[in-house]
Amino acid sequence: MSILEQKDLESIKKAAKEYLPDMTSFLRAIVKNPGESRTEKEHAETILAEMKKLGFDQAELDPQGNVIGYMGSGEKLIAFDSHIDTVGVGNRDNWIFDPYEGYENDEEIGGRGVSDQLGGIVSSVYAAKIMKDLNLLNEKYKVMVVGSVQEEDCEGNNWEYICKEDKVVPDLVISTEPTDGGICRGQRGRMEIRVDVKGVSCHGSAPERGDNAIYKMADIIQDIRALNNNGYDESTDIRGLSRMLDPKYNKEWEEARFLGRGSVTVSQIFFSSPSRCAVADACAISLDRRMTAGETWQSCIEEIKNLPAVQRYGEDVKVSMYTYDAPSYTGLSYPTDCYFPTWVLPEQHPVCQAAVKAYEALYGDKRLGTASTIQEREKRPLVDKWTFSTNGVSIMGRNNIPVIGFGPGAEAQAHAPNEITWKQDLVVCASFYAAYGSYYCNNL
């Protein structure tokens, strides 16, 4: 298949623009129902109904509750992923409009989830419709549009189910997480670590009779703080995580510098004690560990186990990884380790190159934006990375399926009050998605 001619590109952009009122109505229809992780049923049903209305060749809910729709019958399977759950609204007093009623004007749409990331499913559903309308689908590729569940609770758990239980493995996936008008080819990974410390309780009037678990944990926390903040000089007792940016310590240092250094912080603390007048007999903390290229769950666990304070307290300390097993809105539980691998697609990979070529053919070599966003967007390179984590941790991180990201909205809007997205982004993304398959298949 040849690369699209200019008249084809103009037809795609014209169709996307004409569908904007429908996309806006669709997005607002999804948003009006709360849809936090494990309660996305109304979101899923709204999306499924829209797919059927638009004439998808196949549209269904899988046992976990993911919405999956197909267009075409070609050889290669190109998937578009959007998670359809949202976070809660937080302090309602911080919102200047109703997060579920939302609002719209000529430029913006407001509401919980419009950027993170319900706008993505809207653009991808209508992109599939445009592909069908304009006869862009052929024997070389078909498309799969996914509205995935529980991402905010455990990103990638959904695609673990799709790949391993639904037995669907696409040739590539376009993630529609918000990208501020750019193309994202990777992200740092993360994992959730738990550290437990044992102590011995006694009466608080004579603390020397016991063994205070909180004091032990205090020492460990100081070492964790040093691990995050220290440099990596040979004389440093605890070499900091920035060492992974140095070729001496990390053979993947170039991609590590692209993604940014890893980090670790204490995110929660727990204890047990017979009373407020007693020495604590146990203490535990949760760690949020962000990982760059070259780091694995094994290496992250080992570096905590090797901290001086952890070594000093020996068998009284246990370092482990959390597991997620909460059931979806359908009642299905699919246990997954809370390890979300770093992934990065090489800039010269055909999937990435096809994205750049498709975008440049449609819109040139700069990010697009509205009057309120263009100044900040144009400062950033067209090809970049996400700061936050996405379903790519499973799709590429665990299952080695190439992922590229392009989605409506802004990462800074995620989880924030007064969340908005931009109508222009919905149109641009729908156009990009509709054109992408032709550029990818041209290189096959």
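Start by selecting Tyr215, which lies in helix α6 (residues 213-229). Helices here are DSSP runs of H or I with at least four residues, strands are runs of E with at least two, and both are numbered from the N terminus. The model is predicted: local features need pLDDT of at least 70, side-chain atom pairs count only at pLDDT 80 or more, and totals for chains, interfaces and linings use all residues. Residues are numbered from 1 along each chain as its sequence is written, and side-chain values use heavy atoms, with hydrogens and water left out.

**Surface patch**

Is Tyr215 buried or exposed? Tyr215 is exposed, with a relative accessible area of 60%. With Tyr215 they make a nonpolar surface patch of about 370 Å². Patch residues have over 30% relative accessible area and no salt bridge; nonpolar side chains (Val, Leu, Ile, Met, Phe, Trp, Tyr) are joined within 5 Å, like charges within 9 Å. The areas come from the Shrake-Rupley method with a 1.4 Å probe, and for residues only the protein chains shown count as cover.

**Annotated domain**

Now select residues 186-307. An unreviewed UniProt entry annotates them as "domain: Peptidase M20 dimerisation". UniProt positions are given in the numbering used here, feature names are shortened, and annotations may be inferred rather than shown by experiment. Over residues 186-307 the chain is 27% helix and 26% strand. The end C-alpha atoms of this stretch are 30 Å apart.

**Hairpin and loop**

Move to β1 (residues 58-61) and β2 (residues 67-71). These strands pair in the antiparallel sense over 4 bridges. Two strands pair if DSSP finds at least two bridges between them. Glu60 stands opposite Ile68 in β2. The hairpin has 5 residues between its strands, and Gly65 takes a positive phi near 105°.

Next, pick Gly72, in the loop between β2 and β3. Gly72 counts as partly exposed, at 25% relative accessibility.

**Strand β3**

Select β3 (residues 76-83). 7 of its 8 residues are buried, so β3 is largely enclosed by the rest of the structure. It runs parallel to β6 (residues 141-148), joined by 8 bridges. Ala79 stands opposite Met144 in β6. β3 also pairs with β7 (residues 172-175), in the parallel sense over 4 bridges. There, the bridge partner of Phe80 is Ile174.

**Aromatic pairs**

Stay on Phe80. The structure holds 14 aromatic pairs. Phe80 and Tyr433 form one that is tilted, 5.2 Å centre to centre with 55° between the planes. (Rings of Phe, Tyr and Trp, the last by its six-membered ring, pair if their centres lie within 6.5 Å; planes under 30 degrees apart count as stacked, over 60 as edge-to-face and the rest as tilted.) The pair links distant parts of the chain: Tyr433 is in helix α13 (residues 423-442), 353 residues from Phe80. Phe80 counts as buried at 1% relative accessibility, and Tyr433 counts as buried at 1%.

Jump to Tyr161 and Tyr334. Their ring centres are 5.2 Å apart and their planes stand at 85°, so the pair is edge-to-face. Tyr161 is in helix α5 (residues 157-164), and Tyr334 is in the loop between β13 (323-324) and β14 (336-337). Tyr161 is buried at 8% relative accessible area, and Tyr334 is buried at 17%.

Show β4, β5 and β19. These 3 strands form an open antiparallel sheet in the order β4-β5-β19. The edge strands, β4 (103-104) and β19 (420-422), each pair on one side only. β5 (residues 108-110) meets β19 over 3 bridges, with Ile109 partnered by Thr421.

**Salt bridges**

End with charged side chains. There are 29 salt bridges in the structure, each a side-chain nitrogen of Lys or Arg within 4 Å of a carboxyl oxygen of Asp or Glu. Select Glu155 and Arg190, whose closest N and O atoms are 2.6 Å apart. Glu155 lies in the loop between β6 and α5 and Arg190 in β9 (residues 189-198), so the pair ties together parts 35 residues apart in sequence. Glu155 is buried at 5% relative accessible area, and Arg190 counts as buried at 9%.

Last, select Lys379 and Glu376: this salt bridge has its closest N and O atoms 3.1 Å apart. Lys379 is exposed, at 57%.

Conventions:
Buried means under 20% relative accessible area, exposed over 50%, partly exposed in between (1.4 Å probe, protein chains only).
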